[in-house]
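Please look at the sequence and the 3D view below before reading on. The briefing that follows takes a few residues in turn and describes where each one sits and what surrounds it.

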Amino acid sequence: MVAARYLPPWFSVAPMMEWTDNHYRTLARLISKHAWLYTEMLAAETIVFQKGNLDRFLAYTPEQHPIVLQIGGSNLENLAKATELANAYSYDEINFNCGCPSPRVAGHGCFGVRLMLDPKFVAEAMSVIAANSDVPVSVKCRIGVDNHDSYNELCDFIYKVSSQSPTRHFIIHARKALLNGISPADNRKIPPLKYEYYYALLRDFPDLRFTINGGINGVNEVNAARGEGAHGVMVGRAAYHNPWNTLGHVDTAVYGVPPTNLTRRQVLEKYQAYGESELRKYGLKPNVRDVIRPLFGLFHSEPGNGLWKRKADAALLHCTTVKSFFEETLVAIPDSVLDATVGEAPSGSIDTFSKLSGLLPPPYSEREQEALYA
């Protein structure tokens, strides 16, 4: 059940390793008040073994709510301890990673997407996580792994996990994962998207909640997916590489909130105050480069963007404060860009999802479900 004090997770920003850190999430929240934000995946072992240094990994500003902690792991004891330790930080949901195809994750320790081949363990893990937390739990997964990619196999996974644990929310990346040595980047491009699997899950598991993920880049696509029945939509790289134009329309176009006339200049003023307060909080880290990195997509496709990035590269070699970095670089951006509001949401008909009704796989039958336990 979603925390009542927040609007539903109709739009969420995907957990992305080394990207959706505290700095990025601060920027994202300055632009959108209602998008649900996810942390990077944190290994349960990291939380357990950094017990005396948890703020560095788990702390965030109160403004970041609603926020979901994503954890990964394959050791039930560590998952239990990590969840218990995270309770003090009051996340709004705990998400378990069963979708990451990175060899660093899927190989060593056998977690991430490989866990889709072991739904019994995932159910145990979700039960342990739920037992040690007082917030809802969810699973993020793919639609399959290697040759285990039939719709029925996906349904087997969903059915076993949901029937043997308290899990009622699944985030479905609508591509399978290939664990044959291709890179995580190729795993986001080579396996074809099969949105029809997602919509078939809505049909076959009406008591569960599903968020769709993969290949969705803007609010018009988000609203098209929701218009065809999607419970929620998760956007990844577009929200990172083009935050102003992606997140800037979420509150108005997805949540129906009146526009605030926010400008990039206002965002940067608030972000500067945040950045200065964060610098060198943990010894030498974070440095100016760490804090500035999420801003590199803020002027996507705008006049002055190329010059700003060149000035930024030079300034990062010697600037020791966020203020001095901005003073040296923002002269490249015209006032008309800094002071413009996000404007109207992009329009246009998106028929990607409306064409799927005739492509849905046959229903997952109760007979097949019962056979699993015969």
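Arg-237 touches Met-16, Trp-19, Arg-188 and Asn-242, not counting residues up to four places away in sequence, where contact means heavy atoms within 4.5 Å. This is a predicted model, in which local features need pLDDT of at least 70 and side-chain atom pairs count only at pLDDT 80 or more, while totals for chains, interfaces and linings use all residues. Residues are numbered from 1 along each chain as its sequence is written, and side-chain values use heavy atoms, with hydrogens and water left out.

**Annotated positions**
- In an unreviewed entry, UniProt lists residues under "binding site", among them Pro-15, Met-16, Gln-70, Lys-140, His-173, Asn-213 and Arg-237, although such annotations may be inferred rather than shown by experiment.

**Arg-237**
- Arg-237 belongs to helix α11, residues 237-241 (helices are DSSP runs of H or I with at least four residues, strands are runs of E with at least two, and both are numbered from the N terminus).
- Arg-237 counts as partly exposed because its relative accessibility is 30% (buried means under 20% relative accessible area, exposed over 50%, and partly exposed in between, with a 1.4 Å probe and protein chains only).

**Lys-140**
- Lys-140 lies in strand β5, residues 137-142, and it counts as buried because its relative accessibility is 12%.
- Beyond its neighbours within four places in sequence, Lys-140 is in contact with residues including Pro-15, Gln-70, His-173 and Asn-213.

**Thr-263**
- Thr-263 is found in the loop between α13 (250-254) and α14 (264-278), and it is buried, with a relative accessible area of 8%.
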